[in-house]
Amino acid sequence: MSHDHSHDHGLAEMNRKRLAWAFGITATILIAEVVGALLTNSLALLVDAAHMLTDTLGLLMALTAANLVMRKSTDQRTWGFRRAEVLSATLQAALLLAVGIYAAIDAVRRIFEPAEIQSTGLLVFGVIGLLGNLVSMWIIFAGRQDNLNMRAAFLEVLNDALGSVAVIVAAVVIWLTGWATADSLAALFIAALIVPRALKLLGETTHILLESTPRGLDLHDVRQHLEKLPGVLAVHDLHASQIASNLPVLTAHVVVADEMFSSDSTGELLRLLQQCVAEHFEVSISHSTFQIEPASHRRSEYHVDC
């Protein structure tokens, strides 16, 4: 089945520009929040700044991966750098998880040892962070479902925006009541936002890196449908995995009668096999490889004793 590589290249270039803008905005907010945390002595703002640091690094990795994905394939890398976006998303998730755990531990500690917080400065820097994050979200929003790399970047910016909201709420509470523990609770809330999303993203990227069957694809169902095609006696060595988030692949050995193997009908059978996996299932597979073999071929794989 054909694949529209020019469309993929145009989409990758558009996402690269979105990430570049988001990276610039996030890096600027990071500097502002570090300054604000030092001036206000706020743990919530410091945790959010640490979160922003990982997000800045994450967006940098995402931008790097977006550039690598646009490189052409070679004889050494037949899929090019398509898997770079999965590796990038994995690293981003690991960073988010580390920051979330650290933030939770430090927030609990400061609940029992509250520090003096400058609520006015905290509110100002919280608003600055929120406005910047909203702009970044607006830039990335359209491409958030294109691949795991873009999804990871969007989740990071979304978490940053929610963290900024928590900082603003904490600032208002401290300003009105003087209750400094609100800052620690806001930090704990930010950690609670980070950890589950990081774990979920890490699970999805690990699923791909382990060459697992694409989610939503039932190989038992695939085998049954393929074996119902005219002339097919059996299907074995059926494998499906993902090179990247939007690039599932499938391979299979298809057994046919000996007389059919030597006839011209194998070409039509190959077309039907490829059409079946590309159009019939929820997960459309445009990259499929089928080995058609006669029933007299007993061995599924060729083994060499070393």
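Me: Which elements do the buried residues of α9 pack against?

Reply: This is a predicted model. In it, the buried residues of α9 pack against α7 (219–227), β1 (232–244), β2 (247–256), α8 (258–261) and β3 (287–294).

Me: Which residues of α9 are buried?

Reply: Start with the general idea. An α-helix has 3.6 residues a turn, so residues three or four places apart point the same way. Now the case here. The buried residues of α9 are Leu-269, Leu-273, Gln-274, Cys-276, Val-277 and Ala-278.

Me: What span should helix α9 have?

Reply: Count 1.5 Å a residue.

Me: How do I read a nonpolar core? How many residues has the largest one?

Reply: In soluble globular proteins, nonpolar side chains tend to be buried together. Here the largest nonpolar core has 27 residues. Leu-45, Val-47, Leu-122, Val-167, Ala-187 and Ile-190 have the most contacts inside it.

Me: Which elements give two or more residues to this core?

Reply: They are α1 (5–40), α2 (43–69), α3 (84–112), α4 (119–140), α5 (148–177) and α6 (181–209). The largest share comes from α6, with 7 residues.

Me: What does Leu-45 touch?

Reply: Leave out residues up to four places away in sequence. Leu-45 then touches Glu-33, Gly-36, Ala-37, Thr-40, Leu-122, Phe-125, Val-167 and Asp-183.

Me: Which residues make the nonpolar surface patch?

Reply: Leu-123, Val-127, Leu-131, Leu-134, Val-172, Trp-175 and Leu-176 make it, and its area is about 660 Å². Two or more residues come from each of α4 and α5. The most come from α4, with 4 residues.

Me: Take Leu-176. Is it buried or exposed?

Reply: Leu-176 sits in helix α5. Its relative accessible area is 60%, so Leu-176 is exposed. The cut-off for exposed is over 50%.

Me: Now backbone angles. What is phi at Glu-211?

Reply: Most residues other than glycine have a negative phi. Glu-211 is not glycine, yet its phi is positive, near 60°. Glu-211 lies in the loop between α6 and α7. Its relative accessibility is 41%, so Glu-211 counts as partly exposed.

Me: And where does Asp-237 lie?

Reply: Asp-237 lies in strand β1. Asp-237 is not a glycine either, but has a positive phi of about 50°. With a relative accessible area of 23%, Asp-237 is partly exposed.

Conventions. Residues numbered from 1 in each chain as written. Predicted model: local features only at pLDDT ≥ 70, side-chain atom pairs only at ≥ 80, totals over all residues. Heavy atoms only, no water. Core = buried A, V, L, I, M, F, W, Y, C linked by side-chain atoms within 4.5 Å. Buried < 20%, exposed > 50% of the residue type's maximum accessible area, 1.4 Å probe, protein only. Contact = heavy atoms within 4.5 Å. Expected span 1.5 Å × (residues − 1). Patch = residues over 30% accessible without salt bridge, like charges linked within 9 Å, V, L, I, M, F, W, Y side chains within 5 Å. Areas by Shrake-Rupley, 256 points an atom, 1.4 Å probe, with all protein chains shown as cover. Salt bridge = Lys/Arg side-chain N within 4 Å of Asp/Glu carboxyl O.
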